[in-house]
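Take a look at the chain below. The report that follows walks through some of its features, one part at a time.

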Amino acid sequence: MLLSRPPPPHSGTERQAGHRVTVRDCQAQCDASLQSDDLARDRGPIVQHPVMTRDRVESGTDPREDRHPPVGCTYLTEGTSMAEEESNPAQTPEPEPELPPYLIETARSSRSKCRTCKRKINKDTLRLGILLEGPFGTGYLWHHLQCAARRRIEDVEAAYAQEAFAPGVSVPPLPELQALKEKAEKARAERKELPYVERAPSGRSKCKSCGKPIDQDALRVVLAREASFGNQVRATPINVHPECVHAELESEDCMTEVEGFETELRQNSTVESSVVDEAFVAIGKLEA
Ligand SMILES: [Zn+2]
Ligand SMILES: [Zn+2]
């Protein structure tokens, strides 16, 4: 918890009235200083305030009596007060203006990238920003509005419900975007996700790993292999014997990852789970 808190306003050193003053310095003398041991630890060891030390030496009195807060103690005079900080430790000294959780706008430049399709978002294209609050700051992650509709319609619907539209932006009606989602979902359901296991419908297919035929009704595993079409690289399905999966996964142009293989194979296969189990016995142990 201490680590995640933003630094106090005077965690560094400052120059004031010719003295090098740190927060810790003031806290050595100041009665209004740290109430909490946690905060004290947070700021490191307590050392002597230079101003205080000189005053004490010169006047022979305890400066706390007549000079409080002490000279140079900007933490107490202009910083966030202790009481405030303790009641709300997560607050930064100067809070940034609050950003809404969603923002739909036209891209102001062509520099942003869509987090869904990974492609560039061209200037003046509609985009949806989803606020991300991370340890290194707060900002929007952008998606083409259309891409967001296809993959995360809930966020689009929430943005519409909150009318999170930049001033002057004109947006398509929500049902139009919801229709995009329906269409995309249908396409996904029709396309078989790799990898999966099935029974060979005929004896004509050959194992792409060992080159030998795969018998009719024998189990075969369909994996993804890298293939180039012009300058595009795509994953194409290849059939392999369960016994050959291991070798194929290790080959360089295999696009099926060992990591998560078992989960994905179970998810994507439409054969009974006992058949998948049978395939796993033949596949043997895989090492990620
Ligand atoms: Zn996109
Ligand atoms: Zn084989």
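Where is the place of Pro-195?

## A cis bond in a loop

Pro-195 sits in the loop between H8 and E6. This is a predicted model. In it, a cis peptide bond links Leu-194 to Pro-195. Its omega is about -5 degrees. Most peptide bonds are trans.

## Two helices side by side

Helix H7 covers residues 153-161, and helix H8 covers residues 174-190. Their axes come within 10 Å. They cross at roughly 175 degrees. An angle over 145 degrees counts as roughly antiparallel, so that is how H7 and H8 are arranged.

From H7, the residues Ile-153, Val-156, Glu-157 and Tyr-160 take part in the contact. From H8 come Leu-174, Leu-177, Gln-178 and Lys-181. Five of the contact residues are nonpolar, one is polar and two are charged.

Helix H11 spans residues 273-283. Val-276, Ala-279 and Ile-283 are buried there. Seen down the axis of H11, the buried residues fall within an arc of 55 degrees, so they line one face of the helix.

What covers these buried residues? The cover includes strands E6 (196-199) and E7 (219-229), along with helices H9 (245-250) and H10 (261-268). The face turned away from the buried side carries Ser-274, Asp-277 and Val-281, which are exposed. After H11 comes Gly-284, with a positive phi near 80 degrees.

## The nonpolar cores

The largest nonpolar core has 18 residues. Val-197, Val-221, Val-222, Leu-223, Val-240, Val-245 and Ala-279 have the most contacts inside it. At least two residues come from each of E6, E7, strand E8 (232-240), H9 and H11. E7 gives the most, with four residues.

A second, separate core has 17 residues, including Leu-126, Leu-145, Val-171 and Leu-180.

## Two positive phi angles

Most residues other than glycine have a negative phi. Lys-118 is not a glycine, yet its phi is positive, about 70 degrees. Lys-118 lies in the loop between strand E3 (102-106) and strand E4 (126-134). Asp-217 also has a positive phi of about 70 degrees, and it is not a glycine. Asp-217 belongs to the loop between E6 and E7.

Are these two residues buried or exposed? Lys-118 counts as exposed because it has 8 C-beta neighbours inside 10 Å. Asp-217 is exposed too, with 11 other C-beta atoms within 10 Å.

Key. Residues numbered from 1 in each chain as written. Chains lettered and ligands numbered in written order. Predicted model: local features only at pLDDT ≥ 70, side-chain atom pairs only at ≥ 80, totals over all residues. Buried ≥ 20, exposed ≤ 12 C-beta atoms within 10 Å, placed from the backbone. Arc of directions from axis to C-beta. Contact = placed C-beta atoms within 7 Å. Axes fitted to C-alpha atoms, helices over the stretch in contact; angles between N-to-C directions. Parallel < 35°, antiparallel > 145°, perpendicular 65-115°, else oblique. Nonpolar A, V, L, I, M, F, W, Y, C, P; charged D, E, K, R; others polar. Core = buried A, V, L, I, M, F, W, Y, C linked by C-beta atoms within 7 Å.
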